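Here is a short briefing to read alongside the model. Have a look at the overall outline before going further.

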Amino acid sequence: MDDKKKKHIKTFSEFLADRKKSEPEKIENKVDWYERKTLWLKSIDNLYNTVDIIIVNNFRNAGFEVSSKKEKVRIFEEYIGAHDVENYYIKADNFEIKFFPVGTIIIGAYGRVNMVLTNDTVKLVLHNWNDWRIVSGIGSTMKLIVFNEENIVKIFQENL
């Protein structure tokens with residue numbers, strides 16, 4: 001290579017300083033962790049309201065003896081710290097359904113709640129605020145299915 005075309009070799013510090021100058025300014029997207037926690041807790045409440053409407057009411061209407069309770073538990077999440085969430089327990093005759101919030105800081109969603117049935121744990125993810133989805137499959141076959149009455153029936157058909 002022609003010596004005239006070679007670039008002047010800089011120190012690493014000079015290289016980094018030049019590189020920093022030539023980068024476009026980045027707009028920082030700072031997360032409002034308090035707002036995220038608030039939206040997360042509201043989304044859990046909305047999930048439990050949906051559960052009451054679809055699951056609890058249908059068990060009652062079918063003649064099952066239903067009891068339910070919510071229990072506050074403290075979880076810790078990075079950036080948010082310790083905060084209280086509610087586990088939700090439903091008993092309909094001999095069937096038990098439990099909901100355990102995992103957290104709002106997960107990859108690919110705004111939060112996760114595990115729905116524990118007799119034979120399986122169903123992962124529910126917060127696809128968008130107040131938009132819960134059922135995780136079906138793993139890896140490349142994974143799908144997010146709307147958490148609605150039709151899909152809840154399918155879960156119960158497979159697990160009860």
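What radius of gyration does the protein have, and what would a compact globule of 160 residues have? The protein has 24 Å, whereas such a globule would be near 15 Å; the radius is taken over C-alpha atoms, and the globule rule is 2.2 Å times the number of residues to the power 0.38. This is a predicted model, in which local features need pLDDT of at least 70, side-chain atom pairs count only at pLDDT 80 or more, and totals for chains, interfaces and linings use all residues. Residues are numbered from 1 along each chain as its sequence is written, and side-chain values use heavy atoms, leaving out hydrogens and water.

**Overall form**
- Along the principal axes, the C-alpha atoms fill a box of roughly 90 × 35 × 20 Å.
- There are 3 helices and 7 strands (DSSP runs numbered from the N terminus: H or I of at least four residues, E of at least two).
- Their order along the sequence is α-α-β-β-β-β-β-β-β-α.

**Confidence**
- The mean pLDDT (the predictor's confidence in each residue, from 0 to 100) is 90, and 90% of residues reach 70 or more.

**Around Gly 81**
- Gly 81 belongs to strand E2 (residues 81-92).
- Gly 81 has a relative accessible area of 14% and is therefore buried (under 20%; exposed is over 50%, partly exposed in between; 1.4 Å probe, protein chains only).
- Beyond its neighbours within four places in sequence, Gly 81 is in contact (heavy atoms within 4.5 Å) with Ile 75 and Phe 76.
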